[in-house]
Amino acid sequence: MQIDEKNQELLHLNERSPDGWIPSLSVDCVVFGLSDKQLKILLVKHAKGANTGRWGLPGGEVRNEESLEQAANRLLAHLTGVHDIYLEQLQAFSEVNRVGKNRVITFSFFALVKPEQHELAAYSDTIETNWCSICALPSLIYDHNEILNVGIKFLRNKIRYQPI
């Protein structure tokens with residue numbers, strides 16, 4: 001992929017904030033794609049930290065100066081290249097040990113998109129970004145399977161009362 005001005009801007013979306021991070025607060029994005037009548041989920045394979053080489057939902061820590069929505073949009077663009085989509089807050093996940101020894105509360109965000117309308121990219125924090133069939137998922141980090149299952153249930157309920 002060629003790095004144009006827009007992509008160069010995305011490369012810097014995850015630079016350390018001068019105001020710092022909220023270490024116990026994160027966001028995770030449950031982005032579904034419907035393609036050829038098959039439901040897929042957007043996943044990232046991590047390139048850094050304790051989860052290097054493992055799959056998870058796109059997400060991460062919230063900066064002090066941003067809202068949850070801003071963090072979700074920033075991280076989704078930085079980790080996957082997907083941007084300018086409507087994200088809806090799904091649910092908070094607050095199990096005490098959801099991320100091992102550190103207490104981290106995450107707010108999940110939901111979206112349904114057409115994958116062919118979004119060019120995926122892997123930047124410095126991701127080895128790979130991919131649309132995976134919900135019928136053939138790799139092992140996911142932390143409680144991301146639970147978050148994904150809540151997203152699937154939400155999608156099933158949503159299509160019953162609202163056109164998508």
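This report describes the nonpolar cores, aromatic pairs and salt bridges of a predicted model.

**Nonpolar cores**

The largest nonpolar core comprises 20 residues, and V27, V31, L76, I85 and L87 have the most contacts inside it. Two or more residues each are contributed to this core by β1 (21-35), β2 (38-46), α2 (68-80) and β6. Helix α2 provides the largest share, six residues. When neighbours within four places in sequence are left aside, I85 is in contact with V31, N73, L76, A111, V113 and H118. Another core, of 17 residues, lies apart from the largest one, and its members include L39, L43, L90 and F154.

**Aromatic pairs**

The count of aromatic pairs is two. In one of them, the ring centres of F110 and F154 are 4.9 Å apart and the planes stand at 75 degrees; because an angle over 60 degrees counts as edge-to-face, the pair is assigned to that class. This pair links distant parts of the chain, with F110 in strand β6 (residues 105-113) and F154 in helix α3 (residues 144-161), 44 residues apart. Both F110 and F154 are buried. Together with F32, these two residues, F110 and F154, form one aromatic cluster.

**Salt bridges**

The model contains five salt bridges. Three of them are listed below.

| Salt bridge | N to O distance |
|---|---|
| R98 and D28 | 3.7 Å |
| K158 and E88 | 2.9 Å |
| D143 and R98 | 2.8 Å |

In the salt bridge of R98 and D28, R98 lies in the loop between β5 (88-93) and β6, whereas D28 belongs to strand β1, so the pair ties together parts that are 70 residues apart in sequence. R98 is buried, with a relative accessible area of 8%, and D28 counts as buried at 5% relative accessibility.

The salt bridge of K158 and E88 connects helix α3, where K158 lies, with strand β5, where E88 lies; the pair therefore ties together parts that are 70 residues apart in sequence. K158 is buried, with a relative accessible area of 10%.

The side chains of D143 and R98 also meet in a salt bridge. This pair links distant parts of the chain: D143 is in the loop between β7 (126-133) and α3, R98 is in the loop between β5 and β6, and the two are 45 residues apart. D143 counts as buried at 10% relative accessibility. Through salt bridges that share partners, D28, R98 and D143 are joined into one network.

Methods
Residues are numbered from 1 along each chain as its sequence is written. This is a predicted model: local features need pLDDT of at least 70, side-chain atom pairs count only at pLDDT 80 or more; totals for chains, interfaces and linings use all residues. Side-chain values use heavy atoms; hydrogens and water are left out. Rings of Phe, Tyr and Trp (its six-membered ring) pair if their centres lie within 6.5 Å; planes under 30 degrees apart count as stacked, over 60 as edge-to-face and the rest as tilted. Helices (H or I, at least four residues) and strands (E, at least two) are DSSP runs, numbered from the N terminus. Buried means under 20% relative accessible area, exposed over 50%, partly exposed in between (1.4 Å probe, protein chains only). A nonpolar core is a set of buried Ala, Val, Leu, Ile, Met, Phe, Trp, Tyr and Cys residues joined through side-chain atoms within 4.5 Å. Contact means heavy atoms within 4.5 Å. A salt bridge is a side-chain nitrogen of Lys or Arg within 4 Å of a carboxyl oxygen of Asp or Glu.
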